[in-house]
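Subject: Structure handover

Dear colleague,

I am passing on the structure that you asked to look at, and below it you will find what came out of going through it. Please keep the two side by side while you read.

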Amino acid sequence: MGFRPERLAAVIKKDIGHIIQQSYQPDGTFVTVTNVRMTDDLSIARIYLSVFAPGRDELPVYQFINEHIDEIRYELASKIKNQVRKIPELHFYQDDTAEYVNKIEQLFKKVNIPEKDSDTQDNN
């Protein structure tokens, strides 16, 4: 990604985050825009969302946002219309980075447990 797509991605991340938190975040949930990736031609914005919904299923939140893509894009257009010629298509994705990190941490814990046992045996 070149300089222009990165710069536009940063602007979209800030503005989409504000739009979603103001108008499209259900009560009792917290939606965060974790990353935005632009295509080189600036026609598509891939927006990664993290949803914190204690005691609730997160899937309806993603469905709700996907049902309102056109309205979200329209609100985004009003904010960035002077910066781009064409408003990019918005594609929302679930950010599973936290889940991935937890899985890796669990694997490290499993790997470290035998090492600790062997260290105590060597010291005896």
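Helix α2 lies across β1, β2 and β3, running at about 145 degrees to β2; here contact means heavy atoms within 4.5 Å, and the angle, on a scale from 0 to 180 degrees, is taken between the N-to-C directions of axes fitted to C-alpha atoms, for helices over the stretch in contact. Helices (H or I, at least four residues) and strands (E, at least two) are DSSP runs, numbered from the N terminus. The helix α2 spans residues 59-67, and its buried residues are Val61, Tyr62 and Ile65, where buried means under 20% relative accessible area, exposed means over 50%, and partly exposed is what falls in between, with a 1.4 Å probe and protein chains only. Because these residues cover an arc of only 95 degrees around the axis, they are on the same side of α2, the arc being that of the directions from the helix axis to the C-beta atoms.

Before going further, please note that this is a predicted model, in which local features need pLDDT of at least 70 and side-chain atom pairs count only at pLDDT 80 or more, while totals for chains, interfaces and linings use all residues. Residues are numbered from 1 along each chain as its sequence is written, and side-chain values use heavy atoms, with hydrogens and water left out.

Now to the sheet. Three strands form an open sheet in the order β1-β2-β3, with mixed pairing, and two strands count as paired if DSSP finds at least two bridges between them. The edge strands are β1 and β3, each of which pairs on one side only, and neighbouring strands of this sheet are turned by 30 degrees against each other on average, direction ignored. Strand β1 (residues 30-38) and strand β2 (residues 44-52) run antiparallel and are joined by eight bridges, with Thr32 standing opposite Ser50 in β2. By contrast, β2 and strand β3 (residues 89-94) run parallel and are joined by six bridges, and here Leu49 stands opposite Gln94 in β3.

The hairpin of β1 and β2 has five residues between the strands, and in it Leu42 takes a positive phi near 65 degrees. Ser43 lies in the loop between β1 and β2 and is buried, with a relative accessible area of 19%. Leaving aside its neighbours within four places in sequence, Ser43 is in contact with Pro88 and Glu89.

How many salt bridges does a search of the whole structure find? It finds one, a salt bridge being a side-chain nitrogen of Lys or Arg within 4 Å of a carboxyl oxygen of Asp or Glu. Lys14 forms it with Asp15, the closest N and O atoms being 3.4 Å apart. Lys14 counts as exposed, at 59% relative accessibility, whereas Asp15 counts as buried, at 9%.

Finally, the chain as a whole contains four helices and three strands, and from the N terminus on its elements run α-β-β-α-α-β-α. Of its 124 residues, 32% count as buried.
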